[in-house]
Amino acid sequence: MAAHIRTRAWVSLSPNYERATSVLRKTFCHLSRTGTDWVPRAQSTMLTRGSVANTRCLCKSTGAAAQLARRILHQGAAAAAAAGRETPNSGRDGLRGAETGRGSGAKTGKGVKKIKAVDLALKVRKEKREADVGKVKLAKSDSPVLRRVQELRQFTLQLQKVHPNVLAKALKRGILYEDQELIAINKPYGVPVHGGPGVKNNIGEVLSILAKMTGGMGAEPLHLCHRLDKETTGAMLLAKSEESADHIHHLFKTHQVVKKYWVLCVGVPVPSEGVIDIPIIEREVSSPQPHFKMSLAPVFRLSEGGESVTRVRPSRKSHQAVTHYCTLASTGTSALVELQPVTGVKHQIRVHMSLGLGCQILGDHKYAHNSKLAPQKLSEGFLRRLGLEQSKARHLPLHLHARQLIFPGGRGGHQEIIVSSPLPKFFLTSLKRLKIALPGKEEP
């Protein structure tokens, strides 16, 4: 095989993008088998401009690679002739430059990192997958609930692709309460409060933008006063100053904030009203998919005969968790329950409902099973009422809503502030399908 020569080839292909992509993939596979190294420059990856009229590739290759480039050019010209168009002359000029080795891309410095063609192809595929995120095709279905679940899933994926200004504008439209110190927003489903791996958009990142939209360009960035899970919807407080944030943190810490959550659960709690006082601890679950999950750590245990109750020593890693609950409305297989957590342990409501009362929250797939991660299992009658199949149950959203916040207003605390959040559309749809009426004077 001839010695390596420095070449620069700009190959201009026809508007037939599919054929051009197929030819390039075959070329990448051939070069990876022959051991030829591809050295992309700053813009060496495949570029798409407008209607993908031109695809350019900068490579360093041997005389055999130049022949392959010439073959690609001829195939592109044939495709262009079939479409009634001519291949630009820039491709021929670039090919002549590649043969003479006079291109600026022929020079490779010591700082240029060499990668193989297969690595370049994998990178292009990864970028294409990231570009396709959010483009979820909705399957045709006669069930309105299934269509709504699919729309909600698509909306959640699209929220990770929107510009931060768009997210801030959506939060501004959902403001529930505002004064000189606080702003209460209606947190949408699927939006995380804090950032993390794979999270592009979150409420914490758009607080400065939201502050300018509400208070002007010179406004101080808003401050988070508490947090809600990604799948939880409802009322959430933001402070306009650091002093106000510290004041709200003190109210939460001293249990002066009454938090009311509404959940739609599978099953009816017995008794219908009461207090759950069971500590919670985080444990590692040994399964084919090892993961961490919150669990109960009771301080009382039944004797072997079940005749007496024995108090045991609490674990040092457990956290005290107290939750008041009350059933607002119910049917034979489901119920609308209001909960007031006194403490603020991670996943407290979900654990107390699933493991304490034995009534899982609809859409809570994390705590649907004790020893594995799997979609929530629902009965045939329950699925029939929702108009779903078990295979589609994994797309059900978590029906956990922060309904109301009650706390003393102002620094003196003389006036009580009540912030209420309307139920999301998917929550109301599920209530209607399960034939659960909203209590008394409550409005959605």
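Arg 350 and Asp 229 form a salt bridge in which the closest N and O atoms are 3.7 Å apart, a salt bridge being a side-chain nitrogen of Lys or Arg within 4 Å of a carboxyl oxygen of Asp or Glu. Because Arg 350 lies in helix α9 (residues 348-356) and Asp 229 in the loop between β5 (223-224) and β6 (233-239), the pair ties together parts that are 121 residues apart in sequence. Arg 350 also meets Asp 364 in a salt bridge, with 2.7 Å from N to O; here the link runs from helix α9 to the loop between α9 and α10 (380-386), and the two residues are 14 apart.

Asp 229 has a further partner in Arg 227, the closest N and O atoms of that pair being 3.5 Å apart. Through shared partners, Arg 227, Asp 229, Arg 350 and Asp 364 are joined into one network. Arg 350 has a relative accessible area of 7% and is buried, where buried means under 20% relative accessible area, exposed means over 50%, and partly exposed covers the range in between, with a 1.4 Å probe and protein chains only. Asp 364 is buried as well, and so is Asp 229, at 15% relative accessibility, whereas Arg 227 is partly exposed at 48%. A search of the whole structure finds four salt bridges.

## Basis of the model and overall build

The structure is a predicted model, in which local features need pLDDT of at least 70 and side-chain atom pairs count only at pLDDT 80 or more, while totals for chains, interfaces and linings use all residues. Residues are numbered from 1 along each chain as its sequence is written, and side-chain values use heavy atoms, with hydrogens and water left out.

The chain holds 11 helices and 16 strands, these being DSSP runs numbered from the N terminus (helices H or I with at least four residues, strands E with at least two). Of the 444 residues in the chain, 42% are buried. Contacts (heavy atoms within 4.5 Å) between residues at least 6 apart in sequence join residues at least 24 apart in 64% of cases. The accessible surface comes to about 25200 Å², and carbon and sulfur atoms account for 51% of this area, which was computed by the Shrake-Rupley method with a 1.4 Å probe.

## Helix α9 and its flanks

Helix α9, which carries Arg 350, is mostly covered, since seven of its nine residues are buried. The buried residues are Gln 348, Ile 349, Arg 350, Val 351, His 352, Met 353 and Ser 354. In the loop between β14 (334-341) and α9 lies His 347, which has a positive phi of about 55 degrees although it is not a glycine, and which counts as buried at 12% relative accessibility. After α9 comes Gly 358, whose phi is also positive, near 75 degrees.

## The second largest pocket

A pocket here is an open set of points on a 1 Å grid over the protein atoms alone, where a 1.4 Å probe fits, with protein on both sides within 12 Å along at least five of seven lines; lining residues have an atom within 4 Å of a point.

The lining comprises 22 residues, and Arg 227, Lys 259, Tyr 261, Gly 344 and Val 345 lie nearest the centre of the pocket. At least two lining residues come from each of α8 (242-253), β7 (258-266) and α9, with α9 giving the most, at three. By class, nine lining residues are nonpolar, eight polar and five charged, where Ala, Val, Leu, Ile, Met, Phe, Trp, Tyr, Cys and Pro count as nonpolar, Asp, Glu, Lys and Arg as charged, and the others, Gly among them, as polar.

## Further backbone features

Most residues other than glycine have a negative phi, and most peptide bonds are trans. The bond from Val 270 to Pro 271, however, is cis, with omega near 0 degrees, and Pro 271 is placed in the loop between β7 and β8 (273-277). Lys 435, a residue other than glycine, has a positive phi near 60 degrees; Lys 435 belongs to the segment after α11 (425-433) and is exposed, with a relative accessible area of 73%.
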